Amino acid sequence: MTCKQWWQPLGALILVAWLAGCAGQAPAPDVPRQPDDWQRQQDELTALDTWSLAGKVGLRTADDSRSANLDWSQAPNHYRMLISGPFGAGRSVLEGRQGAVTLTTGDGRFEAASPEALMQQQLGWSLPISALDSWVRGLPAPGRAHQQTDDELGFPKTLSQDGWTIRYRDWTYAGSLWLPSRLIMTYDDIRATLVVNQWQPGVGSDDASEETPGATQ
């Protein structure tokens, strides 16, 4: 197959898996976001490395427009993303552990050392997938150049990093944290809209906490 053929559905599937959504949401507080909320939660937000999420992503390219549902369980040692919808027949699963990422679809099982390597292997190009676990929390990926603007309450409004521009359009309160609930991400002619239906910070699935050490995004 050519790289363009892999894009439908495999390339789109990997990108959507990368642009994940969340599961289990706390009720909103009685008051809306306050000017000191973002700074107040920085330590807890930075330390957050386990969560479950459920949401929906719309992906638009120069050639196509699609959407998919996604459930993401993240733990320090393992992540698992279940993708359902028109990006693939039935269920597709992206899983990461130390030194290995696998993508299982109706077409088979594909494996590489990292999500970036998997995209390179199947598409001939890759994107900075490793940044998403930071971006979905409203944070820049550490150790790399970025530019950021804030809204009137001090929350991130836009974030530019690794060629992507992330626009934070809405926030939700889950546990003790304000977390992004609507993001628009653009890279050249790729536009991905993430709507988070549920966040459950601090809780991963049983599968996501199993024994394998050191998975990274």
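This briefing walks through the main features of the structure above, one topic at a time. Keep in mind that the model is predicted. Averaged over the chain, the pLDDT is 78. Five of the strands build an open sheet, and the largest nonpolar core has 44 residues. Let's take a tour.

**How confident is the model?**

- A pLDDT of at least 70 is reached by 73% of the residues.

- Which strands sit at the edges? They are strand 2 (65-75) and strand 6 (108-112), each of which pairs on one side only.
- From one strand to the next, the twist averages 15°.
- For a look at one pairing, find strand 3 (residues 78-84) and strand 4 (residues 91-97), which are joined in the antiparallel sense by six bridges.
- Opposite Ile83 you will find Ser92, in strand 4.

**The nonpolar core**

- In soluble globular proteins, nonpolar side chains tend to be buried together.
- Here, the largest nonpolar core has 44 residues, and the ones with the most contacts inside it are Trp72, Leu94, Trp135, Ile166 and Trp199.
- Strand 9 (residues 164-174) supplies the largest share of this core, with six residues.

**Aromatic pairs**

- How many aromatic pairs does the structure hold? There are eight.
- In one of them, the ring centres of Trp38 and Phe155 are 5.3 Å apart; the pair is tilted because the planes meet at 50°, between the cut-offs of 30 and 60 degrees.
- Trp38 belongs to helix 2 (residues 37-40), while Phe155 is in the loop between strand 7 (147-150) and strand 8, so their pairing ties together parts that are 117 residues apart in sequence.
- Are Trp38 and Phe155 buried or exposed? Both are buried.
- Trp51 and Trp72 make an edge-to-face pair, with 5.3 Å from centre to centre and 75° between the planes.
- Trp51 comes from strand 1 (residues 51-60) and Trp72 from strand 2, so this pair ties together parts that are 21 residues apart in sequence.
- Both Trp51 and Trp72 are buried, and Trp72 is also among the core residues with the most contacts.
- Ring pairs also join Trp38, Phe155, Tyr168 and Trp171 into a cluster.

**Two aspartates with positive phi**

- Most residues other than glycine have a negative phi.
- Asp162 has a positive phi, near 55°, and is found in the loop between strand 8 (156-161) and strand 9.
- Asp162 has a relative accessible area of 30%, so this residue counts as partly exposed.
- Asp188 also has a positive phi, near 50°. Its place is the loop between strand 10 (177-187) and strand 11 (190-201).
- Is Asp188 buried or exposed? Asp188 counts as exposed because its relative accessibility is 74%, and the cut-off for exposed is over 50%.

How values were computed. Residues are numbered from 1 along each chain as its sequence is written. This is a predicted model: local features need pLDDT of at least 70, side-chain atom pairs count only at pLDDT 80 or more; totals for chains, interfaces and linings use all residues. Side-chain values use heavy atoms; hydrogens and water are left out. Two strands pair if DSSP finds at least two bridges between them. Helices (H or I, at least four residues) and strands (E, at least two) are DSSP runs, numbered from the N terminus. Axes are lines fitted to C-alpha atoms, for helices over the stretch in contact, and angles run from 0 to 180 degrees between N-to-C directions. A nonpolar core is a set of buried Ala, Val, Leu, Ile, Met, Phe, Trp, Tyr and Cys residues joined through side-chain atoms within 4.5 Å. Buried means under 20% relative accessible area, exposed over 50%, partly exposed in between (1.4 Å probe, protein chains only). pLDDT is the predictor's confidence in each residue, from 0 to 100. Rings of Phe, Tyr and Trp (its six-membered ring) pair if their centres lie within 6.5 Å; planes under 30 degrees apart count as stacked, over 60 as edge-to-face and the rest as tilted.
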